[in-house]
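Student: I have not seen this one before. Can we go through it together?

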Amino acid sequence: LLRSLKLVCMEFSFLLNLEETTLGTCIILFLLLFLSIWLFAGLAVVCDEYLCPSLEKISEEFELPSSVSAATLLAFGSSAPELVLSFTGALSNNTETTIP
């Protein structure tokens, strides 16, 4: 098992163009992999619990078909953070916070 983990770590190190593969590098790579999987799972739970029921209520309120609400409201919900960041940067004349 340890040999196969080291082989996987060496492959990741090669893909990331790291000079040498140490135990610390392997640990960091596996922690980053675990953290990214955990964050994606958390995002899926948040979307399932909050975003989808909210979109259903909005589409019922405006009497929109489910295909229209899925295409427009879900797209707006997923890009809303970038939109808010761009508006904030534009209103504050701070070009470092806007997305190019």
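Student: Where is Glu63 found?

Tutor: Glu63 is in the loop between H2 and H3. Helices here are DSSP runs of H or I with at least four residues, strands are runs of E with at least two, and both are numbered from the N terminus. This is a predicted model, in which local features need pLDDT of at least 70, side-chain atom pairs count only at pLDDT 80 or more, and totals for chains, interfaces and linings use all residues. Residues are numbered from 1 along each chain as its sequence is written, and side-chain values use heavy atoms, with hydrogens and water left out.

Student: Is Glu63 buried or exposed?

Tutor: Glu63 counts as exposed, at 71% relative accessibility. Buried means under 20% relative accessible area, exposed means over 50%, and partly exposed is in between, with a 1.4 Å probe and protein chains only.

Student: And what is phi of Glu63?

Tutor: Phi is near 55°, a positive value in a residue other than glycine. Most residues other than glycine have a negative phi.

Student: Next, the helices. At what angle do H2 and H3 pack?

Tutor: The angle between H2 (residues 23-61) and H3 (residues 66-91) is about 120°, and their axes are 10 Å apart. Axes are lines fitted to C-alpha atoms, for helices over the stretch in contact, and angles run from 0 to 180 degrees between N-to-C directions. H2 and H3 are therefore oblique to each other; angles under 35 degrees count as roughly parallel, over 145 as roughly antiparallel, 65 to 115 as roughly perpendicular and the rest as oblique.

Student: Which residues meet there, H2 with H3?

Tutor: From H2, Leu51, Leu55, Ile58 and Ser59 meet Ser69, Leu73 and Leu74 from H3. Contact means heavy atoms within 4.5 Å.

Student: Is Ser59 buried or exposed?

Tutor: Ser59 is buried, with a relative accessible area of 11%. Leaving aside neighbours within four places in sequence, Ser59 is in contact with Leu64, Ser69 and Leu73.

Student: What about the chain, how many helices and strands?

Tutor: The chain has 3 helices and 0 strands, in the pattern α-α-α along the sequence. Of its 100 residues, 9% count as buried.
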